[in-house]
Structures are given as C-alpha cells and as structure tokens.
Amino acid sequence: MLLRCRIPLSTFALEVDLALDSRVAAILGPSGAGKTTLLEAVAGLRHIESGEIEIGGRTLFSSARGIDVPPRERAVGYVPQDPTLFPHLSVRGNILFGTRNAVSRNGSTEFSLEHVVALLEIGQLLDRSVHHISGGEAQRVALARALLSRPRLLLLDEPLASLDIGLKERILPYLKRVRDELAVPMIYVTHNTVEALSLADWMIMLAHGRVTAQGVPHAVLTSGAVLDEIDSGLENVFEAVLIDSNADDGRSRVRLESGTCLFIPYTPKPLNSRFQIGIAGDDILVATQKAENISAGNVLEGTIRGLDIAARQAILRVDAKEEFYVRLTPTAVRRLALSVGVNVYLIIKTRSCVILGG
Amino acid sequence: MSAEIWQITLFSLAVALASTLLILPIGIAVAWVLARKNWAGKTFVETIVMLPLVMPPVATGLVLLKIFGRRSPVGAWLYDRGVEVVFNPKGVLIAMAVMSFPLLVRSARSAFVEVDPRLEQIASTLGAAGPRIFFAVTLPLAWRGVVAGCLLAYSRALGEFGATIMVAGNIPGRTQTLSLAIYSFVQLGQDHEALTLLGVTIVLAFIAVALSERLARSKIKT
C-alpha cells in the first residue's frame with residue numbers, strides 16, 4: 001500500500017509519503033492534523049494536488065500518470081466518524097446498499113451477509129429503522145455496510161470517538177473480529193492510544209499535515225519524539241485469561257501470556273474468558289525496595305531495560321516477565337537513582353487494571 | 001352545478017395536472033443541477049428559470065405568443081407538423097407549465113440542498129454510480145420538497161390567468177379555464193356561475209393546503 005499525496009488545506013498542506021505493509025495501521029494525532037483529510041483522499045472524496053495512491057498493487061491515483069479512479073470503482077470501504085447511515089432506509093437497506101456492485105469487485109465469500117451480520121451481531125437490528133438504534137449499533141451497521149461492499153481496504157475514522165466509555169468497550173471487540181476474521185487491511189484514525197495499541201500493528205503520528213513518527217505501536221508511543229503529542233497517556237496492553245473471580249472481594253484474577261498474574265476489578269465474565277487489559281503508564285508506581293503493607297493489589301518484580309528522558313518526563317521500560325512502560329517525572333528517576341539494569345518493584349493498584357474491549 | 005361549470009372545472013384540473021406532470025422531470029433535473037453544480041453561467045440560468053415568477057404574467061404570455069405564433073420559426077415548424085399552440089388547449093398547457101415551473105424548481109432545489117452530500121459520497125464509496133445515487137439516495141430524501149413543489153406548481157397552474165389569455169385566448173369550451181371563466185362570468189353579469197366557480201376554487205384551495213400541511217407534519221415525525 002502506497003500513500004503519497006499533497007493536499008493544500010486552509011492553513012497548511014497535508015503532505016504524507018507512506019508505504020504500508022500492515023494489517024491495521026493506526027493514524028494518531030491532534031485534531032486538525034489532517035487525519036480525516038487523508039482518509040477522504042484515499043476514498044477518492046477529496047481532490048489531491050499531486051501524489052500517488054496504490055492499494056494491493058492497483059493504482060487508484062497518480063498525478064504523474066493522470067490516473068484518478070472514481071470513488072465507486074476504488075473498492076475502499078469508508079466508515080466516517082458520524083456513521084452517516086441512509087436515514088430513509090432500514091438497517092437491512094443500509095447494509096445491502098453496496099452489495100449490488102460488490103460481486104464484481106471482490107470474489108471472496110467471507111463477506112457474505114450472514115457472516116458479516118453474525119460477526120457484528122446486528123441480526124436483530126436488520127428490520128429496524130436507523131432512527132431507532134443506538135450510537136454503537138449505528139457504528140456497527142456502518143461497518144457492516146462498508147464490509148458488504150467487499151472492500152480491498154477499510155478506512156475507519158475514529159469509530160469510537162463519538163461514543164461514551166461504556167459503548168467504546170463494547171464495540172472494540174467487533175473491530176478486532178473484523179481484523180482477525182476478514183482479510184481486509186484497515187487504516188484506522190484515532191486519538192486514543194488504547195484503541196491503537198489493541199488494534200494496530202503499525203502506528204503513524206500525524207501533526208500539521210506531516211508524519212512525525214511511524215513504526216510498531218509500542219515503539220512509536222515510547223519514542224521521545226512523540227511523547228508531547230499524546231494526551232491520553234502511555235498504555236500497557238496485555239492479553240489476559242480470567243482465572244479467578246470473587247464478587248465479595250470485589251476483584252478478579254487474570255493470567256497474562258508470560259504466566260504473570262494480576263488482580264483486576266471484579267468482572268462477571270466466565271472463567272477462562274480471554275480479553276485484553278490496559279494499564280496506564282501513569283498509574284504504575286516504582287519502588288526500589290519491596291514495600292510491605294500497601295493497599296495496591298499487584299506488586300511485580302522486574303528489571304529496567306530502557307530509560308528515555310524527555311523534556312518533562314521519563315519513560316521507563318521494565319521487564320517484569322511482561323514488558324511494562326511506566327511514565328515518571330525526571331525528578332523521580334534522579335531520586336531513586338534509576339538506570340538501566342536496576343531491579344525495581346512495580347506497584348499497580350487493582351483499580352488501575354482496566355478491561356479493554358468488553 | 002351545470003354541465004358548463006363541470007366542463008370548465010374538469011378541463012382546468014386536467015390541464016393543470018398535465019402541466020405539472022410535464023414539468024416534473026425537467027424541473028427535478030434543473031433543480032438538482034442548480035443545487036449540486038457550480039459553473040460560470042449559473043446565475044444567468046437561475047435568472048432565466050425564475051423569470052416567469054417576477055415578470056408580469058401577461059408579458060410572459062406575450063413572449064410565449066411570439067415564440068409559438070405561426071410567424072415565428074418555432075411556431076411555423078410546429079404548424080408544419082400539425083401542432084397548433086396558439087388559441088388551442090395546448091397553449092393553455094404551455095402557459096401553465098411555464099408559469100408554474102419556477103415554483104417547482106425553487107421548492108425541489110432547496111430540498112436537494114438539504115440532502116447531506118456526505119450521504120451521496122458514502123453511496124459512491126459503496127460502488128453506486130451517479131443515477132443510482134440520485135434515485136436511491138438523493139430523490140427519496142428530497143421527495144417531500146419535490147411533492148410540495150408539485151402542489152405549489154399545480155395550484156399556480158390552476159390560478160394562471162395572464163399568460164393563458166395571451167397565448168390561448170378565452171374560448172368557452174375550448175381554452176377557458178376556471179380563472180378565465182370567473183372573469184368572463186363577472187363581465188357578463190352572471191354572478192351565480194361566477195360564485196359557483198369561486199366555491200370550486202375554495203374547495204380546491206382547502207385540499208391543497210390540507211395536503212401540504214400533512215406533508216409538513218410527516219416531516220416532523222421522522
């Protein structure tokens with residue numbers, strides 16, 4: 001996938017040059033950075049001054065060669081921030097809108113109506129009016145509509161941004177299912193690092209129309225260059241299996257891939273269910289001696305493997321069987337004399353462990 | 001009501017209906033182009049379309065008379081093919097159509113403007129071509145404005161006087177419409193007939209207003 005384009009905007013120009021080979025590429029950046037513009041350009045909805053767009057070996061746009069494939073022939077599914085469902089059609093009418101043209105575009109069978117409806121769990125909504133479904137359901141319907149047009153690329157513009165936290169947690173697993181079960185590459189615009197970490201395998205930072213950093217998500221998020229641009233905090237995301245639950249104690253226990261066990265707030269999920277948990281890098285305390293008599297449920301022993309001190313903060317990479325990223329002030333680093341190779345204890349409150357994706 | 005009154009009423013209703021149906025496809029096309037496209041001479045086209053709304057109807061009628069008269073190229077061409085417009089029911093049809101056209105276009109145009117262009121963009125990313133986007137997305141979302149425009153155009157056609165009398169004259173049993181007949185009956189002192197026709201127009205007006213109110217209500221509901 002090749003995205004090279006220049007688009008003049010009112011106060012600056014969007015200028016990107018990206019060669020992507022990822023399943024899910026997340027584009028992060030402050031609002032007004034040009035993220036949506038970039039998606040619209042790929043979908044063919046925005047005039048590109050110069051550049052080239054190539055997806056799966058097919059050139060969609062090339063100013064040099066005079067190619068500009070119209071949106072309807074691009075086979076690019078676009079899910080805008082506001083789901084933009086057709087208000088005069090039922091849910092079924094909406095998701096079937098693109099199927100008429102789909103067969104000639106992509107022959108695979110995984111994009112069948114039954115499969116997509118089951119995947120996104122919208123079967124019970126099919127005959128409803130789009131005025132009578134919730135925001136999260138509308139997003140799933142918009143996603144189904146895009147998928148059923150059998151796209152070669154899916155563009156998602158902050159699909160979780162307009163929803164409250166509860167809904168966010170419920171829609172993330174559907175996006176993961178789409179990623180895992182349908183072989184369609186995605187470009188995913190977000191300003192939320194948790195979403196990006198749990199979905200993407202490539203991350204692009206965009207600011208004022210320029211790519212300021214790109215790479216594997218953890219590396220990008222912890223590189224000093226972009227720390228100042230992230231507002232939602234450094235996140236640690238782990239795959240977890242529920243091994244114990246006790247409602248009276250108000251906590252459950254999970255095992256991470258490395259075998260490390262953590263206490264998390266009580267969840268009614270059945271034992272052995274799998275999910276991801278996130279821990280904000282700001283929520284982890286670091287101690288150089290084992291602390292006794294503390295309220296935090298989790299104390300892990302580890303070794304500092306990386307230390308990156310930027311202007312106002314320090315990012316610690318700690319190997320405690322799992323790799324944890326911790327954000328501290330430079331003062332704390334000095335006071336504790338932290339450096340690479342030092343043994344530390346990570347203190348994590350039970351309440352700081354958040355279940356991601358419902 | 002006498003046979004004469006019935007004839008006048010039905011003739012007016014039928015020709016106004018035919019005129020509305022005649023301008024419907026053209027009006028929708030012009031309204032859509034004005035709502036969605038921009039080009040250098042757009043203001044000029046807008047002015048031409050709206051002209052019958054601001055010009056005195058009699059003046060518009062005179063223009064039509066000059067265009068369709070037998071001595072003009074258009075009129076002569078039509079006459080050679082056996083089509084006579086002037087002082088003919090077809091003249092009534094053309095006068096009504098031209099006079100009501102701007103009302104349909106205005107109403108349909110603002111309905112098209114109100115349709116979110118993003119819906120059309122999304123439709124295009126889903127593989128829909130222009131005609132399908134129009135008939136499956138734009139028109140269904142703008143239909144209320146289009147129907148309201150039709151009602152306006154139909155009412156205007158029924159009330160048409162000035163242009164009709166210039167082009168088609170006022171021939172009883174041939175080109176005489178409701179409005180023309182009311183005028184004639186009053187001139188001839190036949191107040192009973194004039195008042196009967198007045199009653200007919202009031203009933204028709206009530207129906208038109210009721211329909212458009214209903215339309216407005218259904219808009220609020222969704």
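1. Two residues are in contact if their C-beta atoms, placed from the backbone, lie within 7 Å.

2. **Ground rules.** This is a predicted model: local features need pLDDT of at least 70, side-chain atom pairs count only at pLDDT 80 or more, and totals for chains, interfaces and linings use all residues. Residues are numbered from 1 along each chain as its sequence is written, while chains are lettered from A and ligands numbered from 1 in the order in which they are written.

3. **Chain A overall.** Chain A has 10 helices and 21 strands. It has 358 residues, of which 41% count as buried. A residue is buried if 20 or more other C-beta atoms lie within 10 Å of its own, exposed if 12 or fewer, and partly exposed in between; C-beta atoms are placed from the backbone. Take the contacts in chain A with a separation of 6 or more: residues 24 or more positions apart account for 69% of them.

4. **Strand β17 of chain A.** Follow this strand (residues 298-309) to two partners. With strand β20 (residues 343-348) of chain A, β17(A) pairs in the antiparallel sense over 6 bridges. Two strands pair if DSSP finds at least two bridges between them. A:E301 has A:Y345 in β20(A) as its bridge partner. Strand β18 (residues 314-320) of chain A also runs antiparallel to β17(A), joined by 6 bridges. There, A:L307 stands opposite A:L316 in β18(A).

5. **Two positive phi angles.** Most residues other than glycine have a negative phi, and most peptide bonds are trans. A:T84 is not a glycine, yet has a positive phi of about 50°. A:T84 sits in the loop between β7 and α2 (91-95) of chain A. A:T84 counts as partly exposed because 19 C-beta neighbours lie inside 10 Å. A:R150 is not a glycine either, and has a positive phi of about 50°. The loop between α5 (135-148) and β8 (153-157) of chain A holds A:R150. Is A:R150 buried or exposed? A:R150 is buried, because 25 other C-beta atoms lie within 10 Å.

6. **Where the chains meet.** 20 residues of chain A are in contact with 15 residues of chain B. On the side of chain A that touches chain B, β7 (76-79) and α3 (99-102) of chain A are the elements that give two or more residues. β7(A) gives the most, with 3 residues. That side of chain A has 10 nonpolar, 7 polar and 3 charged residues.

7. **Chain B overall.** Chain B has 10 helices and 0 strands. Its C-alpha atoms fill a box of roughly 65 × 45 × 30 Å, taken along the principal axes. Of its 222 residues, 39% count as buried. Among contacts in chain B with a separation of 6 or more, residues 24 or more positions apart account for 75%.

8. Helix α7 (residues 130-159) of chain B spans only 37 Å between its end C-alpha atoms, whereas a straight helix of 30 residues would span 44 Å at 1.5 Å a residue. The expected span is 1.5 Å times one less than the number of residues. Where is the kink in α7(B) centred? The kink, of about 60°, is centred on B:W143. The bend at a residue is the angle between axes fitted to the seven residues ending there and the seven starting there.

9. **B:A216.** This residue is found in helix α10 (residues 191-221) of chain B. B:A216 counts as exposed because it has 11 C-beta neighbours inside 10 Å. B:A216 and B:G145 are 71 residues apart in sequence, but 9.5 Å apart in space, C-alpha to C-alpha.

Methods: Helix = DSSP H or I, 4+ residues; strand = E, 2+ residues; numbered from the N terminus. Nonpolar A, V, L, I, M, F, W, Y, C, P; charged D, E, K, R; others polar.
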